[in-house]
Amino acid sequence: KVKAALSDKAGVYKWWKMNVFKGHFDGNGATVYGLYADKEDAALFPMVGPGSEIKNIAVKNSYFKAANNAGAIAGQVQWYNGIGDSSHTFESCISQNNYIEGTEAGAIIGHGRENKLIINNCLVVGNDFAGEKYLAGTSWCNSNTISNTVVIDGLVYGKGNQLKKPNVFTNVFTNTDQSGSGIAYTPEQVT
């Protein structure tokens, strides 16, 4: 169930945290504008369960602020408990002109945990961050796949050792030097 209510700012919607989203969501190319989330796991989907897929959705001109996890599409992905599919798929998602703040903040995903992330055909452009700009804030997994994705003015990955092989990066384009993010790939391998 999705809940939103008009805030005191015209055209801005205050978002209430829902339970963990588990399943497949197809936004059919819809765009969400003016979302305002200022609670933990601030995102369109605050928590995404293992085996879930979110696709064909854009979040633009929105505000996400949390003490820890914040992202335009997912605040964080749920810890994998060893049962079923461990992957979290984000397909054809757009994060554009959003404000995102949190210690684990990313334009698509705030906190990826030790889970397998599949990010394909996504666009990240024009976002404003309180700290560094990331496609995915933190993911300690080394079996992630990012493909056919464009990141303008931001780092592909955030903190830690996220870009160590065997992560797979195919057709990931960026205009930003990736060497400052602790990644184990050269900019040529990412682009």
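I started with the neighbours of Ile54. Leaving out residues up to four places away in sequence, I found that Ile54 touches Phe21, Phe25, Phe45, Val48, Ile73, Thr89, Phe90, Glu91 and Cys93. Contact here is heavy atoms within 4.5 Å.

A note on what I'm looking at: this is a predicted model, where local features need pLDDT of at least 70, side-chain atom pairs count only at pLDDT 80 or more, and totals for chains, interfaces and linings use all residues. Residues are numbered from 1 along each chain as its sequence is written, and side-chain values use heavy atoms, with hydrogens and water left out.

Next I checked the core. Ile54 turns up again, with Phe64, Phe90 and Ile108, among the residues with the most contacts inside the largest nonpolar core, which has 35 residues. Such a core is a set of buried Ala, Val, Leu, Ile, Met, Phe, Trp, Tyr and Cys residues joined through side-chain atoms within 4.5 Å; buried means under 20% relative accessible area, with a 1.4 Å probe and protein chains only. Elements giving two or more residues to this core include β6 (53-60), β10, β14 (116-120), β18 (145-151) and β20 (168-174). I noted that β6 gives the most, three residues.

Then the overall make-up. I count one helix and 20 strands; these are DSSP runs numbered from the N terminus, helices being H or I of at least four residues and strands E of at least two. Of the 191 residues, 47% count as buried.

For landmarks, I wrote down Ile118 opposite Thr145 in β18, Leu123 opposite Val150 in β18, and Ile146 opposite Phe169 in β20.

Last stop, Asn98. I located Asn98 in the loop between β10 (87-96) and β11 (99-101). Is Asn98 buried or exposed? Asn98 counts as buried because its relative accessibility is 2%. A polar atom of the Asn98 side chain lies 2.8 Å from the backbone nitrogen of Ser62. Beyond its neighbours within four places in sequence, Asn98 is in contact with Val59, Lys60, Asn61, Ser62, Phe64, Ala72, Gly126, Asn127 and Asp128.

How values were computed
Buried < 20%, exposed > 50% of the residue type's maximum accessible area, 1.4 Å probe, protein only. Polar contact = N/O pair within 3.5 Å; in protein donor to acceptor, adjacent residues only side chain to side chain. Pairing = 2+ DSSP bridges.
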